[in-house]
Amino acid sequence: MLCTLTLALLPAAIAPQSATATTSDASAQDLGALARRVAELEANNAELNRRLDLLSEDVEAVDLGGLFTPVGDGTRGLAPAASKVYYASSPLSIGGYGEMVYTNEQGGTGTDQLDFLRAILYVGYKFDDQWLLNTEFEFEHATVEDNNDGSGDTTPGSVSVEFAYVEYLATDNFSVRAGLLLIPMGFVNELHEPTTFFSAGRPELEQRIIPSTWRENGIGVTGSSEDFEYRVYVVNGFDAEGFSSDGLRGGRQKGGKAKAEDWAIVGRADYVGTTGLLAGVSAYHGASGQGAAGVGSVSTTIYDAHVQYQTGPLRLRGLYAMAEIDDTAALNAAFGNNVGEQMGGYYLEAGYDVLEGGDQSLTPFVRFESFDTQQGDLLGGAIDDPAGDRESWTFGLAWQPIDQVVVKADYVDADNGADSGQDLFRLSLGYIF
């Protein structure tokens, strides 16, 4: 009977142990599921953070990458940084350039000078796929504050609009521009960013006869084909009262309340069908009297022929320019400007990058320049100024540690008909962005 009782009690004694084991297994399963869920949540959180980081980078690329478009090639007659609006992925584009120049007059009595010559800001805006605005603002000599401090230097700096135009892109190869336009002549007038020319200063011929930077108000067209590019504008004419024995530079009106009694037409055509070669001509013709009493129309014609060839590390450049001015007798009698009936000259330049194929460039160069701002007859009581007949050799070195920064050093050996040519040593720092 005892055995029977013991056997009867066995299930009751065993039952609580089985329930405890079942509860423990269920708890272990719940903890495992919870751990897996936590791991999944952590993984999801990490993925979410990764996607947020990518989204943030995309937003930054949209907000900043489109605005700060990398500098590419120049296009439509403009230098690289000035062309950014044509490539920008966002409506707004910003670029610019600057130059600081140290000048030492060799053997002269002048004071050595270190000048932050110019700081430029380009702002472009695409209204849509066909309409755009492109502008250039120039700050010269670091300040516009009057420097009349007793030093004798009372020349302030300046703030100018260098160009500002609205353009309609009718097709990929044809457009219409209107506004303040760069005159399409020579090399430097349109391509004046410091990385586009070798010397610390711009060629003098392209300051006196092609008076860079030369811009006027007007309207015109630009276009291209497989082998040719062209630009043709109608602009307000020079104001001849500013012409002098030193050239045409003082006749620029620069867009500010420009006299528009007289107008001019200017055109340029370039052959670009051979790799590395640019060869072309440009011409300007218009009246410059602007209604001044007794001076006549002062018909003014300028033309140039230009060629550039670049192959590997070698770049060759040549420019010939001539200006012809009518009514100089009346002009000189009225204003005493000593303007000749003709002005003309040329320069030849060669440079060779000795670091060809590297990340940097180091280009020794040489340029010979010859021109005369008083060619032709001197009428109306004009006085011959021998200093207008100039020749110079420029020897220098241009180093670009990166594409957008250039350091230049050059020496100018200058002579003129008055035996007063001033030799110069110059050092400059330039940048584009």
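Is Asp-410 buried or exposed? Asp-410 is buried, at a relative accessible area of 2%. That places it well within the cut-off, since buried means under 20%. The model behind this value is predicted.

Start with the whole chain. The protein chain carries 4 helices and 16 strands. It has 433 residues, and 40% of them are buried. Its accessible surface is about 21600 Å². Carbon and sulfur atoms account for 58% of that surface. Now take contacts between residues at least 6 apart in sequence. Of these, 60% join residues at least 24 apart.

Next come the charged pairs. Side chains of opposite charge can pair when their charged atoms come close. The structure has 16 salt bridges. One of them involves Asp-410, whose partner is Arg-426. Their closest N and O atoms are 3.0 Å apart. Asp-410 belongs to strand β15 (residues 405-416) and Arg-426 to strand β16 (residues 424-432), so this pair ties together parts 16 residues apart in sequence. Arg-426 also counts as buried, at 12% relative accessibility.

Arg-390 takes part in salt bridges with Glu-204 and with Asp-246. In the bridge to Glu-204, the closest N and O atoms are 2.4 Å apart. Arg-390 sits in strand β14 (residues 389-402) and Glu-204 in the loop between β5 and α3, so the bridge ties together parts that are 186 residues apart in sequence. In the bridge to Asp-246, the closest N and O atoms are 2.2 Å apart. Asp-246 lies in the loop between β7 (228-236) and β8 (263-271), so here Arg-390 in strand β14 is tied to a part 144 residues away in sequence.

How exposed are these three residues? Arg-390 is buried, with a relative accessible area of 15%. Glu-204 is partly exposed, at 25% relative accessibility. Asp-246 is partly exposed too, with a relative accessible area of 27%. Elsewhere, salt bridges link Glu-99, Arg-118, Glu-138 and Glu-140 in a network.

Now the rings. A pair of aromatic rings is described by the distance of the centres and the angle of the planes. A search of the whole structure gives 15 aromatic pairs. Take Phe-198 and Phe-365. Their ring centres are 5.6 Å apart and their planes meet at 25°, so the pair is stacked. The cut-off for that label is planes under 30 degrees apart. Phe-198 is in the loop between β5 (174-182) and α3 (205-208), while Phe-365 is in strand β13 (residues 361-375), so the pair ties together parts that are 167 residues apart in sequence.

Another group of rings forms a cluster: ring pairs link Tyr-97, Tyr-122, Phe-163 and Tyr-165.

Charges and rings also meet. Arg-315 lies over the face of Phe-198, at 4.0 Å from the ring centre. Phe-198 thus has Arg-315 over its face and is stacked with Phe-365. At Phe-197, the charged end of Lys-408 sits over the ring, 3.9 Å from its centre.

How values were computed
Residues are numbered from 1 along each chain as its sequence is written. This is a predicted model: local features need pLDDT of at least 70, side-chain atom pairs count only at pLDDT 80 or more; totals for chains, interfaces and linings use all residues. Side-chain values use heavy atoms; hydrogens and water are left out. Helices (H or I, at least four residues) and strands (E, at least two) are DSSP runs, numbered from the N terminus. Buried means under 20% relative accessible area, exposed over 50%, partly exposed in between (1.4 Å probe, protein chains only). Contact means heavy atoms within 4.5 Å. Accessible areas come from the Shrake-Rupley method with a 1.4 Å probe; for residues, only the protein chains shown count as cover. Rings of Phe, Tyr and Trp (its six-membered ring) pair if their centres lie within 6.5 Å; planes under 30 degrees apart count as stacked, over 60 as edge-to-face and the rest as tilted. A charge sits over a ring if NZ of Lys or CZ of Arg is within 6 Å of the ring centre and within 35 degrees of the ring normal. A salt bridge is a side-chain nitrogen of Lys or Arg within 4 Å of a carboxyl oxygen of Asp or Glu.
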